[in-house]
Every structure is written in C-alpha cells, then in structure tokens.
Amino acid sequence: MRIVVSGATGYIASLLIARLLQKGEDVLAVTRKANDKLYCFEKDYKNKFQICEIFTDDLYSCIYRFKPDVIYSTTCCYETDSKYLEKTIDANYTFPATLLKAVLCMNSENQRIIRFINIGTSLPSSLNLYSLTKKHFSELGEVYANLGKVCFVNVLLESFYGYGEPQNRFIQKTIINLLKNSEINCTEGKQTRDYVSVADVIDILVFLSAVKIEKNYDVIPLGSGTAPSIKDLILYMKEVSGSKSVINFGAVPARLNEPCTVADLTRLRELGYKKELKYWKTGLKELIGDIKNEVFD
C-alpha cells in the first residue's frame, strides 16, 4: 500500500512510519520540517520513503504524485490556553482539513475512495480547546463521509504511554520524578483514565490501514479497555519504582469537567482485531524498568 502520514516528526507518527516501512509499505511523511529520524528513514528505505516539507514543497502536488491508498492524520496541538488559539485550530482543524481536501479532490478525479484515518481523542469536546478542535474536525470528516466522498475512520485515542515519549507528558514526567524521589503535587486523583501502551496503539493503527471497513464513517475507540484511577496509577508507579517521593494528593485542583474515560473495544473486535492488549500494570512496570536503566543506571 501507499500511505501518507502527517505530523511525521511526532512521537506516534514516527513509530507508525517505522512499522509501516518494516512491513514493506510505501510511505510519504508530511511535516513542517524534517528531523534526523526522517532523514534516517530516507537513507534506509530509499525507494519506499519520501518526505514532503509543507513550507518548501507543494502539499497537493506531493500527495497527487504519491497516489496514496491511506492517509493518517496525526497532526495535533495539545495546548489549551487561549493564547495558543490560532496554533491549536491550525494543527487540529485547518491543516487536517487541507489534507482532507486533497483526498476529496483525488477521490473525485480517480473515482476511488481513499481511507482517511484521523487520530482523534476520547476526551469530551467541552473539556478544553484541544478536545473541542479535534471534535470539530471529526464532524467535518463525518459530513463528507456521509456524502460518500471519503472513508473517514475516526480513532478515539485514549491516553497512551511508552518508551521515548516526550518528558513533559504525565506518565513519563511522573516516573522520572518518582525515580528522583521528588515531591509530587497532584489532584485527588479520583478520575479514572484508560492508559494504553503505545505498542498496542501502533499495532492497531497499522491494522486499521488494511482491514475491510464497509462504513464510510466509522468510529474506533482505541484504549486498553481498563481504567484505573489516577491515584491508583501513581501509587502503583511509586511502589514499582521503589520511590521515597512524598505525594500530595489534592494539592492541585482538578480541571473543570474532568472526565473519566475508558475505551469500548467492541467495534475493534468486530473488525477482527484479536490480540490481547497489555494490562496497564504490566506496561507501566516495563516502562519504569526501561527508564530506570537508561536514565539512572
């Protein structure tokens, strides 16, 4: 298959590209500016990998020449403050809409349907700017899918964790602070949240590129299917890491409309995905060991 991945320098996108290339797929990486990892892919997979830098290359021309079967839209901005309003709208709505427009034009000209896999979120739109803009783009995709112009797969991604993710993310940051025995201030931690291993995320995303999907618009919840409380999550990580950190539950106020989320895996199983997903305790124990070996040994 010929597959486009936008937001190609991001954490999930980089892992996704690596897996697709290992499978023998042809990949076009769409990014603002390529990094060393993408240049390594270009070197190692010469005739199977291309880069489109949107500030110097014409996006439409790159996609038209590539003739994709599938497009993954992984571009996102997690900022929630209003000072990042334009940046968030651009990353979560405007640029994905540009990709969608390219797909719609190609589908119309070539009389074939390209699959557009949108990495969305399970968070309610009322929570913050990030979840609101993600929700609005999925609604746009649904409109065109219902018109029969695209196969739009909206992936409702839960929180994820994995080795090598940015250190400002909750799990990674918490583990590092625990291993340093730093004092940790947090909310009461009553909210439950589904945390899924990034290895499972990538496996499922690759599965969705090839599986038969008959609906023009499909919604796929993607998580582990289990949801511990944040308090239980932190206490477990403290136990496994052997940390002496003081944890001040309730020192940080909870966000307004803080949700509890868990993925319903029914649709994924209906599509034929049979693998068992990693239990959160197993995955976090492995991750803590990996981080400890790299950073603290």
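This is a predicted model: local features need pLDDT of at least 70, side-chain atom pairs count only at pLDDT 80 or more; totals for chains, interfaces and linings use all residues.

Me: How many of the residues of α6 are buried, out of how many?

Reply: 7 of the 10 residues in α6 (170-179) are buried, so the helix is largely enclosed by the rest of the structure. Just after α6 comes Asn181, with a positive phi of about 60°.

Me: And Phe170, is that buried or partly exposed?

Reply: Phe170 is partly exposed, at 28% relative accessible area.

Me: OK, switching to the sheet. What's the strand order?

Reply: The order is β3-β2-β1-β4-β5-β6-β10, an open sheet of 7 strands with parallel pairing. β3 (49-53) and β10 (217-222) are at the edges with a single partner strand each, so one side of each has no neighbour in the sheet. On average, neighbouring strands are turned by 20° against each other, ignoring direction.

Me: How many bridges hold β6 and β10 together?

Reply: β6 (residues 151-157) pairs with β10 over 6 bridges, in the parallel sense. Asn154 sits opposite Val219 of β10.

Me: Which strands does α7 lie across?

Reply: Helix α7 (residues 198-210) lies across β1, β4, β5, β6 and β10, and runs at about 150° to β5. There's also α2 (residues 36-44), which packs on the sheet and touches β2 and β3. The direction of α2 makes about 145° with that of β3.

Me: Now aromatics. How many pairs are there?

Reply: The count is 12 aromatic pairs. One of them is Phe152 with Tyr217, stacked at 5.9 Å centre to centre with 15° between the planes. Phe152 is in β6 and Tyr217 in β10, so the pair ties together parts 65 residues apart in sequence. Both residues are buried.

Me: Which cluster are those two in?

Reply: Phe152 and Tyr217 form one aromatic cluster with Tyr93, Phe116 and Phe137.

Me: Last topic: what's going on around Lys134?

Reply: Lys134 is in helix α5 (residues 129-146). Lys134 is buried but has no salt bridge. Beyond its neighbours within four places in sequence, Lys134 is in contact with Thr75, Cys76, Asn92, Ile119, Gly120 and Thr121.

How values were computed. Residues are numbered from 1 along each chain as its sequence is written. Side-chain values use heavy atoms; hydrogens and water are left out. Two strands pair if DSSP finds at least two bridges between them. Helices (H or I, at least four residues) and strands (E, at least two) are DSSP runs, numbered from the N terminus. Axes are lines fitted to C-alpha atoms, for helices over the stretch in contact, and angles run from 0 to 180 degrees between N-to-C directions. Contact means heavy atoms within 4.5 Å. Buried means under 20% relative accessible area, exposed over 50%, partly exposed in between (1.4 Å probe, protein chains only). Lys and Arg count as positive and Asp and Glu as negative; His and the chain ends are not counted. A salt bridge is a side-chain nitrogen of Lys or Arg within 4 Å of a carboxyl oxygen of Asp or Glu. Rings of Phe, Tyr and Trp (its six-membered ring) pair if their centres lie within 6.5 Å; planes under 30 degrees apart count as stacked, over 60 as edge-to-face and the rest as tilted.
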